[in-house]
Amino acid sequence: MTPASFHGRWMLVYFGYSRCPDDCPLTLEKLAIMMNALGPLAEHVAPVFITVDPGYDTPAVLKTYLPKFSNKIIGLTGPMPEIAKVAKEYDAYFTATDHEASGKSLIGHSTFIYLMTPNGKFQNLFPVSITVPQLVHVMRKMIAQ
């Protein structure tokens, strides 16, 4: 898939991974609640989750994981070089780190939500702290343009 695959829809792009213990599930939940709150306007929005852990996040894993939040969230995975290229295009970062308390391997990653126009151009960057009402307000405003 490419940005052209979503032509005509506002994209909300988030880089993360399914085993993330904190920001990813919280952000996916915000996107799911926002999509429900938009009602029929949600057809103009494509929330896209791009994994930064393609070794684990296979299409089958994402197909099971993302519907726990919403069946409207589109999951993308692929070879690591392709994911790294896309992340670089968005100025997103990710890196494997060890969590000292648990010893489990975690992936440090940027937590921004990238808003892309229906023509695939960058529009805005939302911090992880954005609230659902704020997201709903912004998306209603963007769709009405």
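So, Arg19 sits over the face of Tyr56, 4.0 Å from the ring centre. By "over" I mean that NZ of Lys or CZ of Arg is within 6 Å of the ring centre and within 35 degrees of the ring normal. Quick caveat: this is a predicted model, where local features need pLDDT of at least 70, side-chain atom pairs count only at pLDDT 80 or more, and totals for chains, interfaces and linings use all residues. Residues are numbered from 1 along each chain as its sequence is written, and side-chain values use heavy atoms, with hydrogens and water left out.

Okay, ring on ring. Searching the whole structure turns up six aromatic pairs. Rings of Phe, Tyr and Trp (its six-membered ring) pair if their centres lie within 6.5 Å; planes under 30 degrees apart are stacked, over 60 edge-to-face, the rest tilted.

Take Tyr14 and Phe49: the centres are 6.5 Å apart and the planes at 25 degrees, so that one is stacked. Tyr14 is in strand 1 (residues 10-16) and Phe49 in strand 2 (residues 45-51), so the pair ties together parts 35 residues apart in sequence. Strands here are DSSP runs of E, at least two residues, and helices are H or I, at least four, numbered from the N terminus. Tyr14 is buried at 0% relative accessible area, and Phe49 is buried at 0% too; buried means under 20%, with a 1.4 Å probe and protein chains only. Ring pairs also link Tyr14, Phe49, Tyr65 and Phe69 into a cluster.

Then there's Tyr114, buried at 3%, and Tyr90, buried at 14%. Tyr90 and Tyr114 pair edge-to-face, 5.3 Å centre to centre with 75 degrees between the planes.

How values were computed
Buried means under 20% relative accessible area, exposed over 50%, partly exposed in between (1.4 Å probe, protein chains only).
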